Protein chains: 2
Amino acid sequence: MKIICEKTALITGVNIALRAIPTKTTMEILDCLKIKANDGNILFVGNDMSLGIETKINGEIIEEGSFVVNAKLFSETVRKLPDSEVVFTASDVSLNIKCENVNYDIPIRSAMDYPDLPIIERKNFAVMSQLTLKDMIRQTVFSIGADTEAMKIMTGELFEIKGKKLRLVSLDGHRISLRNVELNEEYGDVKVIVPGKTLNELFKILSGELEDKVVIYFSDNHILFEMKDTLVLSRLIEGEYYLVDRMISGDYETKVHINKREIADCIDRATVLIKENDKKPLVFDLKNDEIEVTLKTPFGKFDERINIEKEGDDIKIAFNPKFMLDALKAVDDDEIDIYFMNVKSPCIIKDKAESYMYLILPVNFNAD
Amino acid sequence: MKIICEKTALITGVNIALRAIPTKTTMEILDCLKIKANDGNILFVGNDMSLGIETKINGEIIEEGSFVVNAKLFSETVRKLPDSEVVFTASDVSLNIKCENVNYDIPIRSAMDYPDLPIIERKNFAVMSQLTLKDMIRQTVFSIGADTEAMKIMTGELFEIKGKKLRLVSLDGHRISLRNVELNEEYGDVKVIVPGKTLNELFKILSGELEDKVVIYFSDNHILFEMKDTLVLSRLIEGEYYLVDRMISGDYETKVHINKREIADCIDRATVLIKENDKKPLVFDLKNDEIEVTLKTPFGKFDERINIEKEGDDIKIAFNPKFMLDALKAVDDDEIDIYFMNVKSPCIIKDKAESYMYLILPVNFNAD
């Protein structure tokens, strides 16, 4: 096999395919990238058996073929090359990389050893903007549950399409994050659970351009995200997702309109007094046109007052500051509304159109 | 005690004093900063018993006094405050920090518990530009030896003044780094060994401005660096430094003139094939107007050719690539000269005026 490509194209391709290389694996072959040149396409493939990524790079194919190479070694080698044209010449066991006066010879393996990406039927699909999907992932993925076998479903996000509506939902037992978007067309109904890891990697690959499209294909066990030069293919998580609609109430006793930055900065300040993993309730005392935020830990006391617009009853309620801060950071609006029911029910941060909705369960606090 | 200062002044002061706070200590008091307000000065002090830093910050003293506070907690608290005026009010056991609508109360201790900085006689001294000293430290400190009790002297740098000449030297048994500078005036002769840790921290405090001066005071056991608002005081390392002049020869058989960037990039590329801590010789084959750099490891083979200007004999010699790269990175010149004697003798990278000089011992290699 022999191919020629520009260093910049190489780097882009390697960076994308690397996202499917597991950080730790006992199967040596999964530490590798597959590079394949045929039918006029140069493809870089990474595959951790659950997530597979294939990306096309620009270049010239002198001789078709394929090989498998240690991903880390290959990526580091390529990264340090001069900014110029790179010639790859592969024999059975060795790859020569030539760029200007630089020559590397590194060991390779047969592409036969590499696990193929599953082929999925491209029937059910939806099309949307890469920017929109990127935003939706960012705004929900933080509240998926930790990876414990008992709660496998929580480690993924619900992707639900009904008519023209796409909804992404994540939850971890203490909070629910929800994003709705209207698609341009009506597609078939879909309800699948996508692994959080897939979404985290996909997030880094999606472009930030509204005009760039991604086609999402759904099969029984897989989801495929198809972008211009790149495919991201992932297993789905099996099971029935939680019935989140039952957990959300539209009623409230208190509604607060507040500057997002002010409250986020305030919570951030308070957490200075919390040692990592230490759970301390952050108390919100809503009275008239003011919210008083207090925290008390062995490291000191914190107190800040912020002006608000309030409708409804006064309420004193406490939250895990991290959960509140995560939700506030996810919201792009400068001014937000927070709805409270009572000290036992979750507060809800949402916009009027309910394009986003964050439920956070309160925690107990001792009113000294 | 009560003081008022601007957040920005606070941050600057805290950042400087923090440099003397040890990362790990069994003495809890050393995790603290001392804050002292009297005689119109607000001082922040850090002290790890070997290195002490005292810095003055702008502010208004309402009531004189002093206290000791956990450095990490204080610095994080102050960092998150709104960009505004901050009022500190200390009682015996607690410090109230007030800034706009924010209130912190954090525990403090009596300043009596804090170790005083030693008072040193300000007799022997030298004055120089902070920028020059900063450069000299950067260009030598990387080759001090690791901290092993047996080689205590190697963990420091030689500061030597003779007439108008200041020389900084560091060595670690495999290499020597040397910087010479001409001072503006003649000072008394000095020869002391300054701990590498002190120089690393001082480097971060020194300004990058040629006009800013630093006065260096030398006493029997201490060195004091006095800048505009900051004092850095350090113990010296006891002992006689190595007689480096005996290790340096002016003779050479081969002189090479080379583009620094090209050779540095080349070595950087080669090291991709070396796993951390694995010692592999990087072979330099100097023939006619070319240097061929080769490396062979279990991860592959590397080969690059670079054009050079050469005087004298051809030579094939090998080095630890890290040591070569460290020296090249330290040099500011775009074009450099490297002098070789034979395959057993160190190569020397130096400019004509010998303002810098880097000796690196070669390593064995098997000529296959």
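1. Chain A is divided into three domains, namely domain 1 (2–113), domain 2 (124–245) and domain 3 (248–360), where the bounds come from an automatic or database domain assignment. Taken over C-alpha atoms, the centres of domain 1 of chain A and domain 3 of chain A are separated by 49 Å. Along its principal axes the C-alpha trace of chain A spans about 75 × 50 × 40 Å.

2. On provenance and numbering: this is a predicted model, in which local features need pLDDT of at least 70 and side-chain atom pairs count only at pLDDT 80 or more, while totals for chains, interfaces and linings use all residues. Residues are numbered from 1 along each chain as its sequence is written, and chains are lettered from A and ligands numbered from 1 in the order in which they are written.

3. The secondary structure of chain A comes to six helices and 26 strands; helices (H or I, at least four residues) and strands (E, at least two) are DSSP runs, numbered from the N terminus. Of the 368 residues of chain A, 40% count as buried, a residue being buried if 20 or more other C-beta atoms lie within 10 Å of its own, exposed if 12 or fewer, and partly exposed in between, with C-beta atoms placed from the backbone. Among the contacts in chain A with a separation of 6 or more, 71% are between residues 24 or more positions apart; two residues are in contact if their C-beta atoms, placed from the backbone, lie within 7 Å.

4. Chain A can be laid on chain B with an RMSD of 0.0 Å by a turn of 180° and a shift of 0.0 Å along the axis, the superposition being by least squares on the C-alpha atoms of residues with pLDDT of at least 70 in both copies. The two copies are therefore related as by a two-fold rotation axis. Of the residues of chain A, T23(A) comes closest to this rotation axis, its C-alpha lying at 15 Å. The same surface serves both copies, since 100% of the contact residues of chain A recur in chain B.

5. As for the interface itself, 22 residues of chain A are in contact with 22 residues of chain B. On the side of chain A that touches chain B, the elements giving two or more residues are α2 (71–79), β9 (102–107), α5 (260–270) and β21 (300–307) of chain A, and the largest share, seven residues, comes from β21(A). The residues of this side divide into nine nonpolar, four polar and nine charged, where Ala, Val, Leu, Ile, Met, Phe, Trp, Tyr, Cys and Pro count as nonpolar, Asp, Glu, Lys and Arg as charged, and the others, Gly among them, as polar.

6. Strand pairing crosses between the chains: β9(A) and strand β21 (residues 300–307) of chain B run antiparallel and are joined by four bridges, with N103(A) standing opposite D303(B). Two strands are taken to pair if DSSP finds at least two bridges between them. An open sheet of nine strands, with antiparallel pairing, has the order β23(A)-β19(A)-β20(A)-β21(A)-β9(B)-β8(B)-β7(B)-β1(B)-β5(B). Its edge strands, each pairing on one side only, are β23 (315–319) of chain A and β5 (60–63) of chain B.

7. Within chain B, strand β19 (residues 282–287) is joined by five bridges to strand β23 (residues 315–319), and the two run antiparallel; F284(B) has I317(B) as its bridge partner in β23(B). β19(B) also pairs in the antiparallel sense with strand β20 (residues 290–297) of chain B over five bridges, where V283(B) has T294(B) as its bridge partner.

8. Helix α6 (residues 321–330) of chain B has several buried residues, namely P321(B), F323(B), M324(B), L325(B), A327(B) and L328(B). The elements of chain B that cover them include β13 (175–182), α5 (260–270), β19, β23, β25 (347–350) and β26 (356–360).

9. Most residues other than glycine have a negative phi, and most peptide bonds are trans.
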